[in-house]
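Please look over the sequence and the structure before reading on.

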Amino acid sequence: MANPQHTRNRLLDAGENLFFNEGIAATGVDRVASEADVAIVTLYKHFGSKDNLLREVLSRRLEAWTQHWDQALSAAEGPQERLLAVFDAIETFRASAGSTQWCCFLATASERPAPEKGTSDPVFDLIDQDTHQVQTRLSDLAREARCADPDAMASMLLLLYNGVLSSLLRGAPSDPITHARRTAQMLLNSGTDSP
């Protein structure tokens, strides 16, 4: 008898690979089940629907991303390096994560209509959670780095962060993480208070 956790992980791996290399809308549950080498009924037994599978894939990605960022923060020396650690985290996350064209959260947001006001969508809730985490952390780290306007600095770094993720899809410029980190360092040099 197959190990249920192993089967679940195979389904998550297959869903992640197909959703974010071939497209969410273009990938049917039959294709995910085939890639995971399970019956469609097994996919539904574990997740109940394609949306639930997508939500679990995103939840797993968010957890992994958060761990990489936490590790980069722990390794950083000093407040400015902690603020720039988001770029180190992108690099280590990309090196260890499964193959995808770009950011899974941006890919999902680009393929899925936003829920109407007053309604909830568990998948979009995860997209919002990711966005909120990045914004909040960057603002907190900008305060720690004594930026003159921490919220403005966080917004600029969020634009650089999103630019890196988009550049990974475009394939240009080459090495967007290094370019973004250098740009962020220039912003920090011009926007921090003296100790």
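The points below concern the core and then the aromatic rings.

The structure is a predicted model, in which local features need pLDDT of at least 70 and side-chain atom pairs count only at pLDDT 80 or more, while totals for chains, interfaces and linings use all residues. Residues are numbered from 1 along each chain as its sequence is written, and side-chain values use heavy atoms, with hydrogens and water left out.

**Nonpolar core**
- A nonpolar core is a set of buried Ala, Val, Leu, Ile, Met, Phe, Trp, Tyr and Cys residues joined through side-chain atoms within 4.5 Å; buried means under 20% relative accessible area, with a 1.4 Å probe and protein chains only.
- The largest such core has 59 residues, and those touching the most other members are Phe20, Trp65, Trp69, Leu83, Phe87 and Leu138.
- Helix H4 (residues 50–75) gives this core its largest share, 9 residues; helices are DSSP runs (H or I, at least four residues) numbered from the N terminus.

**Aromatic rings**
- The whole structure holds 4 aromatic pairs, meaning rings of Phe, Tyr and Trp (its six-membered ring) with centres within 6.5 Å; planes over 60 degrees apart count as edge-to-face, under 30 as stacked and the rest as tilted.
- Trp65 and Phe93 form an edge-to-face pair, because their ring centres are 5.9 Å apart and their planes stand at 80°.
- This pair joins helix H4 to helix H5 (residues 79–96), across 28 residues.
- Trp65 is buried at 5% relative accessibility, and Phe93 is buried at 10%.
- Ring pairs connect Trp65, Trp69, Phe93 and Tyr161 into a cluster.

Methods: Buried means under 20% relative accessible area, exposed over 50%, partly exposed in between (1.4 Å probe, protein chains only). Helices (H or I, at least four residues) and strands (E, at least two) are DSSP runs, numbered from the N terminus.
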